[in-house]
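This report goes through a single structure, starting with its ligand and ending with some features of the backbone. Please keep the sequence and the model in view while reading.

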Amino acid sequence: MSATALLYTFRRCPYAIRARMAIAASGIKVDEHEVALRDKPASMLATSSKGTVPVLVLSSGEVIEESLDIMRWALAQHDPYDWLRDLPQSLSLIERNDREFKPLLDAYKYPERHRLGDAQPDPLAHRESARPFLSDLTSRIQAHGFLISHQSRLADVAIMPFVRQFAAVDPTWWASKPYPALADWLARWLADSIFELIMTKRVPSVDAR
Ligand SMILES: N[C@@H](CCC(=O)N[C@@H](CS)C(=O)NCC(=O)O)C(=O)O
């Protein structure tokens, strides 16, 4: 086994994006294995049978299979932006994102998979059902610039990739700024050098081990 940890990742996956953001911020070097989700490498499934990315395999052989755990592992070693400060508040908002907002995002993005009975797909109804969560994020940013505090915290980094996906479903609507402070916050993240670094295009690699 190599001395460097190995991250199985998928470029556009919001969970993988949050993990790569934290790893990049911590300065820890990992080897990245870009995965094709339709053709997951046998080595990844052998290490983590649940079959989702990201998965981090440490040089000790320990496997970390949840994006949030990967973030906390990396930042526990080096946290130059103080993202772990106010952790309980961050975790509670991330929990809402993952449990409440993510299913609404999926329904909005793939309305044909989320029809009720014979009803026509209704993306706008799904978009509307995300309003309470997005309005809450917006009020928080209006109050202090970020979601938890006046500086970025774990919640900002962990939730940003999901808001990014939501915004990308209908860019024209998002550009009309239905949630102005949230749109500005997202734009700041998209211009962030760490985000640019971790979104560099990679070709899916062949099974490395
Ligand atoms: N709870 C997991 C969720 C990860 C997840 O669902 N990743 C998606 C990609 S965004 C995945 O790998 N899905 C499996 C598939 O599409 O086959 C985490 O936080 O790491």
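## Ligand contacts

In this predicted model, a polar atom in the side chain of Ser-67 lies 2.6 Å from an oxygen atom of the ligand. The side chain of Lys-40 also has an N or O atom 2.6 Å from a ligand oxygen. Val-53 takes part through its backbone, where an N or O atom is 2.9 Å from an oxygen atom of the ligand. On its own the ligand exposes 520 Å², and the protein buries 71% of that area.

The ligand takes up the space of the largest pocket. Around the ligand are Cys-13, Pro-14, Tyr-15, Leu-37, Lys-40, Gly-51, Thr-52, Val-53, Pro-54, Glu-65, Glu-66 and Ser-67.

## The sheet

Four strands make up an open sheet with mixed pairing, in the order E2-E1-E3-E4. E2 and E4 (63-64) are the edge strands, and each has a single partner strand, so one side of each has no neighbour in the sheet. In general, the strands of a sheet pair through backbone hydrogen bonds, in either a parallel or an antiparallel way.

Strand E1 (residues 5-9) runs parallel to strand E2 (residues 30-34), and five bridges join them. Ala-5 is placed opposite Val-30 in E2. The pairing of strand E3 (residues 55-57) with E4 is antiparallel and spans two bridges. There, Leu-56 stands opposite Ile-64 of E4.

Most peptide bonds are trans, and most residues other than glycine have a negative phi. Which peptide bond here is cis, with omega about 0°? The bond in question joins Val-53 and Pro-54. Pro-54 belongs to the loop between helix H2 (42-47) and E3. Both Val-53 and Pro-54 are also among the residues around the ligand.

Asp-82 has a phi near 65°, which is a positive value in a residue other than glycine. Asp-82 is found in the loop that lies between helix H3 (67-77) and helix H4 (87-109).

Terms used. Residues are numbered from 1 along each chain as its sequence is written. This is a predicted model: local features need pLDDT of at least 70, side-chain atom pairs count only at pLDDT 80 or more; totals for chains, interfaces and linings use all residues. Side-chain values use heavy atoms; hydrogens and water are left out. Two strands pair if DSSP finds at least two bridges between them. A residue is near a molecule or strand if one of its heavy atoms lies within 4 Å of it. A polar contact is a pair of N or O atoms within 3.5 Å; within protein, one must be able to donate a hydrogen and the other to accept it, and residues adjacent in sequence count only if both atoms are side-chain atoms. Accessible areas come from the Shrake-Rupley method with a 1.4 Å probe; for residues, only the protein chains shown count as cover. On a 1 Å grid over the protein atoms alone, a cavity is a set of points where a 1.4 Å probe fits but cannot get out, and a pocket is an open set with protein on both sides within 12 Å along at least five of seven lines; lining residues have an atom within 4 Å of a point. A molecule sits in a cavity or pocket if more than half of its atoms lie within 2 Å of its grid points.
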